[in-house]
Structure formats: C-alpha cells, structure tokens
Amino acid sequence: MDNQTGTLIGIYTAPSSGRPLREQAEGRLVAGQGLEGDRYFGRPGGVISLIETEAIERFNLDHGTGVTAPETRRCLLTQGVALNPLVGKTFWINGIELEGMELCDPCAKLGQDLETETVSAAAVVRGFRVSGGLRAYVRGSGDIAPGDAITLSTE
C-alpha cells in the first residue's frame, strides 16, 4: 500500500439531501458509516462518492463552463488517480481503507442543476457519463484532509 498514485484535493458535505455541499478543511471516515457530517452518513454500507479534478476540468474545457467540485455533488475530490478502474478494488486515503463499489453515473437531477443557456441537461449527463466519479465503501476509520495520499494495492 505504499504506491502513492493520487492526492485528496477536497472534502465536501451537505447536512441533508438537496442542500448545497460545503468545503471542509478535514473530515472523518467511519467504517460502515461513511463521511461524518454528510447527508449519507450512517446509511447501510457506509458509501462515499469521489470525482476526479481532471474530469471536472475536462468537462469545463469541452463545454465552456465553470462547474466546481461541490456542484458535482460528490464528497471527495481527487487528483492524479483514475477512479473508474477502482470498481471492485481496494484503495486507501491517508491509510484508511476503501473499496470501489460502482461508477457514480450522473443522474437527470445533476443535469438539471448544471445546465446553462448553452449546455443542456442532457449534455451535462452525457459529458459526465464515463467520468462522473466512483462510489466506494468505507472499510476503515480515521481522519482525512486535503493533501492526503491516495494509494492503491500493488497486488
């Protein structure tokens, strides 16, 4: 687990569904529960969502928009690690174990939230279809902060 492949760039939580996500200076992952302070904390399985900085930047370049990380409604923003290949794989953030569950495909609601005069809701969904992020099970507990290493199993 000593192979750093990426970095945690941001942590975002919303206290309840539909509320805006707010950036956090630090966070606490709890095994089987998720990210403390987030709307999904305590739901069965302890699932958290992640998205790549590179995916947001690519979408903005392709569509001439200024979508920000919290607007994607994902809890963790990463850089330097491809998330799609992590489905079914174990990885760690600051030594805390997570397991990729499934791709976090964009929904119609995200499309509606991010549509503009020049970019339709359908174009938003298409734009994030293969880069909408990852849902992962939280298997370990501990504190995280921007700058923490994201490591993959070398097996």
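Reader: Which elements each supply at least two residues of the lining of the largest pocket?
Author: Strand β5 and helix α2 each do. Both names come from DSSP runs, numbered from the N terminus (helices: H or I, at least four residues; strands: E, at least two). This is a predicted model, where local features need pLDDT of at least 70 and side-chain atom pairs pLDDT 80 or more, while totals for chains, interfaces and linings use all residues. Residues are numbered from 1 along each chain as its sequence is written, and side-chain values use heavy atoms, without hydrogens and water.

Reader: How many residues line that pocket, and which lie nearest its centre?
Author: The lining has 22 residues. Nearest the centre are Arg 39, Tyr 40, Arg 73, Arg 74 and Arg 135. A pocket is an open set of points on a 1 Å grid over the protein atoms alone, where a 1.4 Å probe fits, with protein on both sides within 12 Å along at least five of seven lines; lining residues have an atom within 4 Å of a point.

Reader: How much space lies in the largest pocket?
Author: About 510 Å³. That volume is the space filled by probe spheres set on the grid points, which are joined across faces, edges and corners.

Reader: Arg 39 again. Which side chain does it meet in a salt bridge?
Author: Asp 38, at 2.8 Å from N to O. A salt bridge needs a side-chain nitrogen of Lys or Arg within 4 Å of a carboxyl oxygen of Asp or Glu.

Reader: Is Arg 39 buried or exposed?
Author: Buried, at 11% relative accessibility. Asp 38 is buried too, at 8%. The cut-offs are under 20% relative accessible area for buried, over 50% for exposed, and partly exposed in between (1.4 Å probe, protein chains only).

Reader: How many salt bridges does a search of the whole structure find?
Author: Five. One of them joins Arg 28 to Asp 143, with the closest N and O atoms 3.1 Å apart. Arg 28 sits in strand β3 (residues 27–30) and Asp 143 in strand β10 (residues 142–144), so this pair ties together parts that are 115 residues apart in sequence. Arg 28 is partly exposed at 33%, and Asp 143 is partly exposed at 48%.

Reader: What about helix α2? Which residues there are about one helical turn apart?
Author: Asp 113 and Lys 109, four residues apart in α2 (residues 108–114). Their side chains meet in a salt bridge, 2.8 Å from N to O. Asp 113 is partly exposed at 41%, as is Lys 109 at 48%.

Reader: Back to β3. In what order do the strands of its open sheet run?
Author: β4-β3-β10, three strands with antiparallel pairing. β4 (34–35) and β10 stand at the edges with a single partner strand each, so one side of each has no neighbour in the sheet. Two strands pair if DSSP finds at least two bridges between them. β3 and β4 have two. Leu 29 stands opposite Leu 35 in β4.

Reader: New strand. Which residues make up the covered face of β9?
Author: Leu 134, Ala 136 and Val 138. Arg 135 and Tyr 137 make up the uncovered face. That strand covers residues 134–138.

Reader: How many bridges join β8 to β9?
Author: Five, and those strands run antiparallel. β8 covers residues 96–103. Glu 99 stands opposite Tyr 137 in β9. Strand β5 (residues 47–52) also pairs with β9 in the antiparallel sense, over four bridges. Ile 48 has Ala 136 as its bridge partner in β9.

Reader: How many aromatic pairs does a search of the whole structure find?
Author: One. Phe 59 and Phe 128 are stacked, 4.4 Å centre to centre, with 20° between the planes. Rings of Phe, Tyr and Trp (its six-membered ring) pair if their centres lie within 6.5 Å; planes under 30 degrees apart are stacked, over 60 edge-to-face, the rest tilted.

Reader: Where do Phe 59 and Phe 128 lie?
Author: Phe 59 is in helix α1 (residues 53–63). Phe 128 is in the loop between α3 (121–127) and β9. The two are 69 residues apart, and both are buried.
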